[in-house]
Amino acid sequence: MIEVKNISKTYGGKKVVEDVTLQIPKGKITSFIGPNGAGKSTLLSMISRLTDTDEGEVIIEGKALKAWKSKELATKISILKQSNHVNLRLTVRDLVSFGRFPYSQGKLTKEDWAMVDEAIRYMELEEMQHKYLDQLSGGQNQRAFIAMTIAQNTDYVLLDEPLNNLDMKHSVQIMKVLRSLVDDLGKTVILVVHDINFASCYSDHIVAMKNGKLAREGSIDKIIDSETLKHIYDMDIPIQEINGNRIGVYFA
């Protein structure tokens, strides 16, 4: 379990995350939702220790985040940032192999390459694994970076807007892969996602942010609710149930 206790972060005199306390359940998908500027990405970044907290603390499996050694933490938590840029000219396979660095320190074993192959297969990148990243579309690049994160094989997988640059087909593919990581492999997935309907259909738990504060958290039924969503987004969002899923009709 990940516990977040009264954490805050200030940039330029403005608190972008303010006094957030929550528990993220293990072995589940937790989605962070909310308007732009709500503090979702900053919160995710602090949980992964990419960004320091100004106040409060994060506890992972009973141990304070600041007490984890970097190498140890890299085998416990993997994170995919919103913007990913690599200056080296790498193939997809090269990039995915970087996910094994915390274990191999660059000297990949047979077992490491097996994990690389599995991640490539998971993301259906076999046919393009020897292509260079600059030869791929934005969506293909995104899938390659997600494969690298999967290859890291951590208990906790954190993803900041993983559906960026993806069409509908590949967005669904990614969410199904994340669901499989949880259901089949026992991973804990935490992601920032803008589309409330992806959060509704694939999450177990939803954390809603607004103006840097925790607005609501809970189950799908609790959060994907017209009154709750109006509080979060300041707009009317009717809810329809389709094939057992609660769908927000926000485009009408």
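## Leu125 and the nonpolar cores

Leaving aside its neighbours within four places in sequence, Leu125 touches Val92, Ile120, Gln140, Arg143, Ala144 and Ala147. This is a predicted model, and in it Leu125 is listed with Ile33, Val96, Met123, Leu178, Val189 and Leu191 as the residues that have the most contacts inside the largest nonpolar core, which has 50 residues. Helix α6 gives the largest share of this core, with seven residues.

## Buried helical positions

Helix α6 spans residues 138-151 and contains Gln142, a residue that is buried at a relative accessible area of 5%. Between Gln142 and Leu88 the separation is 54 residues in sequence and 16 Å in space, taken from C-alpha to C-alpha.

Helix α1, which covers residues 40-47, is largely enclosed by the rest of the structure, because seven of its eight residues are buried. The buried residues of α1 are Lys40, Thr42, Leu43, Leu44, Ser45, Met46 and Ile47. Just after α1, the backbone at Arg49 takes a positive phi of about 70°.

## Aromatic pairs

The structure holds two aromatic pairs. In one of them, Phe198 and Tyr202 are stacked, with 6.3 Å from centre to centre and 25° between the planes. These two residues are four places apart in helix α8 (residues 196-202), so about one helical turn separates Phe198 from Tyr202. Phe198 counts as buried at 17% relative accessibility, and Tyr202 is likewise buried, with a relative accessible area of 15%.

Tyr250 and Phe251 form an edge-to-face pair, with a centre-to-centre distance of 5.8 Å and 75° between the planes. Within this pair, Tyr250 is partly exposed at a relative accessible area of 33%, whereas Phe251 counts as exposed at 64% relative accessibility.

## Arginines over tyrosine rings

Arg89 lies over the face of Tyr132, at 4.0 Å from the ring centre. A further arrangement of this kind involves Arg100, whose charged end sits over the ring of Tyr103, 4.2 Å from the centre of that ring.

Arg100 is found in the loop between α3 (92-97) and α4 (101-104), and with 7% relative accessibility it counts as buried, because that value is under 20%. Its side chain reaches the backbone oxygen of Ala151 at 2.8 Å. When neighbours within four places in sequence are set aside, the contacts of Arg100 are Gln105, Leu108, Asp112, Met115, Val116, Ala151, Gln152 and Asn153.

## Salt bridges

There are 14 salt bridges in the structure. One of them joins the side chains of Lys76 and Asp155 at 2.8 Å, N to O. Lys76 lies in the loop between α2 (70-74) and β6 (77-80), and Asp155 in the loop between α6 and β7 (156-160), so this pair ties together parts that are 79 residues apart in sequence. Lys76 counts as buried at 14% relative accessibility, while Asp155 counts as partly exposed at 29%.

Arg93 forms a salt bridge with Asp117, and the closest N and O atoms of the two are 2.6 Å apart. Here too the pair links distant parts of the chain, since Arg93 belongs to helix α3 and Asp117 to helix α5 (residues 110-122), 24 residues apart. Arg93 is buried, with a relative accessible area of 18%, whereas Asp117 counts as partly exposed at 37% relative accessibility.

An α-helix has 3.6 residues a turn, so residues three or four places apart point the same way. Arg179 is buried, with a relative accessible area of 18%. Elsewhere, salt bridges that share partners join Lys26, Glu61, Lys76 and Asp155 into one network.

Technical notes: Residues are numbered from 1 along each chain as its sequence is written. This is a predicted model: local features need pLDDT of at least 70, side-chain atom pairs count only at pLDDT 80 or more; totals for chains, interfaces and linings use all residues. Side-chain values use heavy atoms; hydrogens and water are left out. Buried means under 20% relative accessible area, exposed over 50%, partly exposed in between (1.4 Å probe, protein chains only). Rings of Phe, Tyr and Trp (its six-membered ring) pair if their centres lie within 6.5 Å; planes under 30 degrees apart count as stacked, over 60 as edge-to-face and the rest as tilted. A charge sits over a ring if NZ of Lys or CZ of Arg is within 6 Å of the ring centre and within 35 degrees of the ring normal. A polar contact is a pair of N or O atoms within 3.5 Å; within protein, one must be able to donate a hydrogen and the other to accept it, and residues adjacent in sequence count only if both atoms are side-chain atoms. Contact means heavy atoms within 4.5 Å. A nonpolar core is a set of buried Ala, Val, Leu, Ile, Met, Phe, Trp, Tyr and Cys residues joined through side-chain atoms within 4.5 Å. A salt bridge is a side-chain nitrogen of Lys or Arg within 4 Å of a carboxyl oxygen of Asp or Glu.
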